[in-house]
Amino acid sequence: MLFIDLKKAYDNIPLKKLWKALEEIRISYTLIKTVIELYRKSFSYIKRGGLLSEGFEVMKGLCQGCCISPTLFNIYVEKP
């Protein structure tokens, strides 16, 4: 049996390598650019004790709960 902690696995996907993997399996440029735009300028915040930190740009990881994240994850881990 194999158990994968998907939360940690999703958080550690390097996006630039994912875009390259999409190119390698011949996904159309238009679709790749659309996915890149979904992730472009993605910001996160940390809330602690009712205070919200300044935003910081997310440079890696898939969006948790996004309907295309499982497909992107599969493409990345099964890339040639």
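Modeller: A crossing is right-handed if the near helix is turned clockwise from the far one by less than a right angle, and left-handed if anticlockwise. Helices are DSSP runs (H or I, at least four residues), numbered from the N terminus. H2 passes H3 in a right-handed crossing. This is a predicted model, where local features need pLDDT of at least 70, side-chain atom pairs count only at pLDDT 80 or more, and totals for chains, interfaces and linings use all residues. Residues are numbered from 1 along each chain as its sequence is written, and side-chain values use heavy atoms, without hydrogens and water.

Biologist: Why is H2 called roughly antiparallel to H3?

Modeller: The axes of H2 (residues 15–24) and H3 (residues 29–39) cross at roughly 165 degrees. Angles over 145 degrees count as roughly antiparallel. So H2 is roughly antiparallel to H3.

Biologist: Which residues of H2 meet H3?

Modeller: Leu15, Trp19, Leu22 and Glu23 in H2 meet Ile32, Val35, Ile36 and Tyr39 in H3. Contact means heavy atoms within 4.5 Å. Seven of these residues are nonpolar, none polar and one charged.

Biologist: What makes Ser69 buried?

Modeller: Its relative accessibility is 1%. Buried means under 20%, exposed over 50%, partly exposed in between (1.4 Å probe, protein chains only). Ser69 therefore counts as buried. Ser69 lies in helix H4 (residues 69–77). Beyond neighbours within four places in sequence, Ser69 touches Tyr10, Tyr39, Leu62 and Cys63.

Biologist: Why is Lys17 called partly exposed?

Modeller: Lys17 has 48% relative accessibility, so it counts as partly exposed. Lys17 sits in helix H2. Leaving aside neighbours within four places in sequence, Lys17 contacts Tyr76 and Lys79.

Conventions
Axes are lines fitted to C-alpha atoms, for helices over the stretch in contact, and angles run from 0 to 180 degrees between N-to-C directions. Helices (H or I, at least four residues) and strands (E, at least two) are DSSP runs, numbered from the N terminus. Angles under 35 degrees count as roughly parallel, over 145 as roughly antiparallel, 65 to 115 as roughly perpendicular and the rest as oblique. Ala, Val, Leu, Ile, Met, Phe, Trp, Tyr, Cys and Pro count as nonpolar, Asp, Glu, Lys and Arg as charged, and the others, Gly among them, as polar.
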